[in-house]
Amino acid sequence: MNFAFAPAPIVSLEAMSSRPFPVRRIFCIGRNYPGPDGAAEKGTEPVFFMKPPGAIVQNNSTLPYPPGTEALVPEVEMVVALHKGGRNIPADRVDYDYVFGYAVGLDMTLRDALDAALEKGLPWEKAKAFDHSAACTAITPEFYAGNIASGLIELKVNGEVRQSGNVSDMLWKIPETVHYLSTRMELFPGDLIYTGTPGNAGPVKSGDVLEASVAGLEPLIITIA
Ligand code: MN
C-alpha cells in the first residue's frame, strides 16, 4: 500500500537463537516492590503506565541526556516479552503459553517532572514516555531463562551499587500482572512489560556508565551521553 509518507520502522530486540522480537507496546508497572521508595504494601490493583515502542534504546549504546530535567533517574526492571496476546488471560497459563522470554530494562524517569505530575495529579508522559526512555537488552527466550521467579536485581552506576533487590519481592507477580493487564485491554504478541523497580537509584549525569542486571539474564550496559 502507498501511504502518505513512509510508515514508522518496526522496533525490535535481538532474541538469542530466535529471530528478532518485534516490539508492539511497552507497559510499565509502578510501585511493585516493598520498601520506602516502592510501595508500602500491595494495592488492590497494579499501577501501570506506557511508553511508545520508539523509546527503546538497545543494549551497549549511548543514551542522550534528555532536555528539560535536572533529575534523570534510571530504574532497573525485569522485562517480560509476550508472544501471545488475548483478553482475560488466566494467570496459571501465562508462564508457558504467553511469555516469549525475559530481558533487563531501564525505565528512565525524569524525577523532577514526575514529582510535579504527582503533586498536581497530572499525566506521567513527560516524566516517563520521552525519547530514549526505555533501555532494554536482548530477550532471553523463556526456555533458556531458568527460574526467573527469584534472583538478584541490581543497578550499578560507574561500578557503585545504586539499586539492589530480589525479583521474588515483586508485589504483583508476573502471571497476575499479565492477567490483570489483559482484563483492562487486549494484549498482543510483541507487548513488553517492565515489572517495576526496587528502590531509588538517584539521578545520573552525563558520562555515567549504567550496568543493570537480573540473575540469569544478559546485563544491560548504557552510557549517558
Ligand atoms: Mn519503573
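Which residues coordinate the manganese ion? I looked this up first. The manganese ion is held by Glu-75 (OE), Glu-77 (OE) and Asp-107 (OD), at 2.0 to 2.1 Å. Donors are N, O and S atoms within 2.8 Å of the metal (3.2 Å for Na, K and Ca); water is not among the atoms, so sites may look incomplete.

I noted the source. This is a predicted model, in which local features need pLDDT of at least 70 and side-chain atom pairs count only at pLDDT 80 or more, while totals for chains, interfaces and linings use all residues. Residues are numbered from 1 along each chain as its sequence is written, and side-chain values use heavy atoms, with hydrogens and water left out.

I then checked the spacing of the donor residues, which reads E-x1-E-x29-D in sequence. Glu-75 lies in the loop between strand 7 (72-73) and strand 8 (76-82), and Asp-107 in strand 9 (residues 99-107), 32 residues apart. Strands are DSSP runs of E, at least two residues, numbered from the N terminus. Both Glu-75 and Asp-107 are buried (under 20% relative accessible area, 1.4 Å probe, protein chains only).

Five strands form an open sheet in the order 6-17-16-13-14, with mixed pairing; two strands pair if DSSP finds at least two bridges between them. Its edge strands are strand 6 (61-63) and strand 14 (160-166), and each pairs on one side only.

Strand 13 (residues 152-157) and strand 16 (residues 209-214) run antiparallel and are joined by five bridges. Lys-156 stands opposite Glu-211 in strand 16.

Conventions
Helix = DSSP H or I, 4+ residues; strand = E, 2+ residues; numbered from the N terminus. Buried < 20%, exposed > 50% of the residue type's maximum accessible area, 1.4 Å probe, protein only.
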